[in-house]
Amino acid sequence: MRGLIYVLSTLAVIALAYWAYHENYQTQQALREVKSLQRQIGDARERLAVLRAEWAYLNRPERLRDLSELNFPDLQLMPLAPEHFGSVAEVAYPAPEPRFGILDPVDVAARLIEGVAE
Amino acid sequence: MTRTPLRPLARVLEARAKGENPDAIERENIRLRHERMRDRMRVRAESRLLMMAVMFVMLFAVVGARMGVLASTEPSEPRASAGGESIVAQRADIVDRNGRLLATNLVTNALYAQPPMMIEPARAARELAKIFPDLDEEELVEDFTGKRKFLWIKRKISPEQQQMVHDIGEPGLLFGPREMRLYPNGRLAAHVLGGAGFGREGVHSAEVIGVAGVEKAFDDYLRDPANGGAPLELSLDLTVQATARRVLEGGMKIMDAKGATAILMDARTGELVSLVSLPDFDPNDRPVPLTEGDPSDSPLFNRAVQGVYELGSTFKVFTAAQALEMGVAAPGTMVDTQGPLRWGKFRIRDFHDYGSEMSLTDVIVKSSNIGTARLAQQIGGDRQRVFLERLGLTEPTPVELVEAPGIAPLLPARWSELSTMTISYGHGLSASPLHLAAAYASVVNGGCKVAPTLVRRAPEPGCAERVISEKTSRTIRGMLREVVTRGTASFAEVEGYAVGGKTGTADKPRPRGGYYEDRVIATFAGLFPAHDPDYVLIVTLDEPTVSALGEAQRTAGWTAVPVASELIRRVAPLLDMRPEIEPGPAFGVKLTGN
């Protein structure tokens, strides 16, 4: 009985040692991965900052104004002025369907007279 | 444990036989037993104390060892946490009210040399002079072959230049990473942003510190890592700023002015939506300050904040507001305008002769110096001073620019009755255009004091400090509107925006006393829409002239006002204001009782 306990506990120690060794290496690997990922994130953020700066530089009002002036024949963009505001009431509704399918007023009058005669 | 009996029979019998007291034996045995017990207890207690001591020593040793380890190891970032590092640069970005970038950072390199490591110093110098035309080859050769062990060659170089330097193949030329401040919009908002430069420099990094404007005023905030890289949000609107600068630049050229300023301020919160001062500079390449001559001639000079001028008739509004507030006069009260008004040997004149008397409204609309001076006489110097103090016209503005706290308005040495009279129409007291903007906003927004700010902030409910009553404010707004509809600022009319405002033309003082005949500061202080003002606009032109009606015109009505009107026409739509029909004078609910 005692011998069996010795054997079992020795095996348990070996198993635990193997497990600890394995975990240790896995942790180290995970930390290495995290480090490389964080470096990538840092690089990406730095690139993002450069791209944002470039975006702001390319979108600076002065340049956009010059571009819109250069391309005036195509774009016809004007500086915003008070006259450019419209109201919803100014938007035309779709033209109503003609009631009789004919648009000539003479015909319409004739049709109405016919209607009265009937 | 074997117990020894306290009264051993043999000894008791023996003692009895000898006639001794057997109780003494028992007491003796009890004593011995107690001594033994005491010894045992002491040993146990001592061992416990020893144990405790050992444990304490071990615990302190652990703490001490840990402290030693922490003190001696290199710091490292926590690697296991999620989220990662959010701070990219050592200095936070600056954005406008819509989140558009005004200032950010770029990573570049600095170029330095270590002459002892050089192989071909002469060739390196020749090649460097080719890449950077501003470097002198002979000086470089001298530096490289002399005794110097280290020298900076360029603070900031582009990636292309870095590659070219790299291609020289000289091991003594080295690069150090640098963060540089970039202002993508160039000259736009140059005076607000100020600029940045390098502080302490090392090979591996350099401090970026603000040198002027908000960059310096918020230097600590921008560099504070506790903010997690959150940008500083200004109240400026990039689009409005660009438009205002464009219009003002055009106006300055047409009016042949030396300098110009435009301030657009939210009338309720005091937020500066646009602040332009011309001439300006590129903060990416900040010019060196002038070492001689007038500092106001430098493009670095912020006319809106640093320039203190006598702002002329725009001050009449404050006199009128105080007269109304104190009940000295009502809008219809007739004021004596018979000129010239003599005070000692000093004479106050009007631009035109306006007859013997006018109503208070007309005094403002036609801009009568004599009428305003008479009102000021009735108000009195002390009360005038208190009122101007309440409007913030006697102390530096609280705006968040590093230049602002040093700029106090110039007040007369002695606030005499004559000073009271001249200050009432804007002479004898010099203030910056920003002071004027804040004071106008306070007067027209319903009477709540406004502090100018460059940082975006939520409007505060209610009125923190009342300057004048709601009713006076409304009356003043009506008068300012009439100045535009039938007075000196008739060119300011922009259909749909109900502009109100007041002109001011002040002769420039000579450096040696007296005033120039032909140099003026023309100012227009306006608000729109006049019935419920959202924005206050100040336009100031320095030494404008325009020829109209066959002669050179310098008054604000001919110079600053047309510029301001064009500015409002262009800027108001950008501020989401659609043109609307102005409510008539009879508009509003009349409260009646019966």
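In the predicted model, helix 15 of chain B, residues 433-444, lies across strand 8, strand 17 (515-528) and strand 18 (535-542) of chain B. The direction of helix 15 makes about 150° with that of strand 18 of chain B. Helix 17 of chain B (residues 560-574) also packs on the sheet, where it touches strand 8, strand 16, strand 17 and strand 18 of chain B. Helix 17 runs at about 140° to strand 18 of chain B.

The sheet in question is open and is formed by five strands of chain B in the order 9-8-18-17-16, with antiparallel pairing.

B:Gly504 is placed opposite B:Thr523 of strand 17 of chain B. Strand 16 and strand 17 of chain B form a hairpin with five residues between the strands, and in this hairpin B:Gly513 adopts a positive phi near 95°.

The loop between strand 18 and strand 19 (546-548) of chain B contains B:Thr545. This residue has 17 C-beta neighbours inside 10 Å and therefore counts as partly exposed. When neighbours within four places in sequence are left aside, the contacts of B:Thr545 are B:Met255, B:Asp256, B:Ala552 and B:Arg554. The C-alpha atoms of B:Thr545 and B:Thr555, ten residues apart in sequence, are 8.4 Å apart in space.

Chain B is divided into domain 1, residues 94-233, and domain 2, residues 240-574. The centres of the two domains of chain B, taken over C-alpha atoms, are separated by 43 Å. Contact between them involves 20 residues of domain 1 of chain B and 19 residues of domain 2 of chain B. On the domain 1 side, helix 6 (190-193) and helix 7 (213-217) of chain B each supply at least two of the residues that touch domain 2 of chain B. This side of domain 1 of chain B has eleven nonpolar, five polar and four charged residues.

Helix 3 (residues 121-131) and helix 4 (residues 137-145) of chain B pack with their axes 9 Å apart and at an angle of about 145°. Their crossing is right-handed. Helix 3 of chain B contributes B:Pro121, B:Ala122, B:Ala124, B:Ala125, B:Arg126, B:Leu128 and B:Ala129 to the contact, and helix 4 of chain B contributes B:Glu137, B:Leu140, B:Val141, B:Phe144 and B:Thr145. By class, the residues of this contact between helix 3 and helix 4 of chain B comprise nine nonpolar, one polar and two charged.

B:Pro231 is located in the loop between helix 8 (219-223) and strand 7 (232-233) of chain B. B:Pro231 counts as partly exposed because 16 C-beta neighbours lie inside 10 Å. Apart from neighbours within four places in sequence, B:Pro231 is in contact with B:Ala92, B:Asp93, B:Ile94 and B:Val95. A separation of 8.9 Å was computed between the C-alpha atoms of B:Pro231 and B:Gly99, which are 132 residues apart along the chain.

The secondary structure of chain A consists of four helices and zero strands, giving the pattern α-α-α-α along the sequence. Of its 118 residues, 3% count as buried. Between the chains, 23 residues of chain A are in contact with 29 residues of chain B. Helix 1 (2-58) and helix 2 (61-70) of chain A each supply at least two residues of the side of chain A that touches chain B. The largest share of that side, 14 residues, comes from helix 1 of chain A. By class, the side of chain A that touches chain B has 14 nonpolar, three polar and six charged residues.

Technical notes:
Residues numbered from 1 in each chain as written. Chains lettered and ligands numbered in written order. Predicted model: local features only at pLDDT ≥ 70, side-chain atom pairs only at ≥ 80, totals over all residues. Contact = placed C-beta atoms within 7 Å. Nonpolar A, V, L, I, M, F, W, Y, C, P; charged D, E, K, R; others polar. Domains from an automatic or database assignment. Axes fitted to C-alpha atoms, helices over the stretch in contact; angles between N-to-C directions. Left-handed = near helix turned anticlockwise from the far one by under 90°. Pairing = 2+ DSSP bridges. Buried ≥ 20, exposed ≤ 12 C-beta atoms within 10 Å, placed from the backbone.
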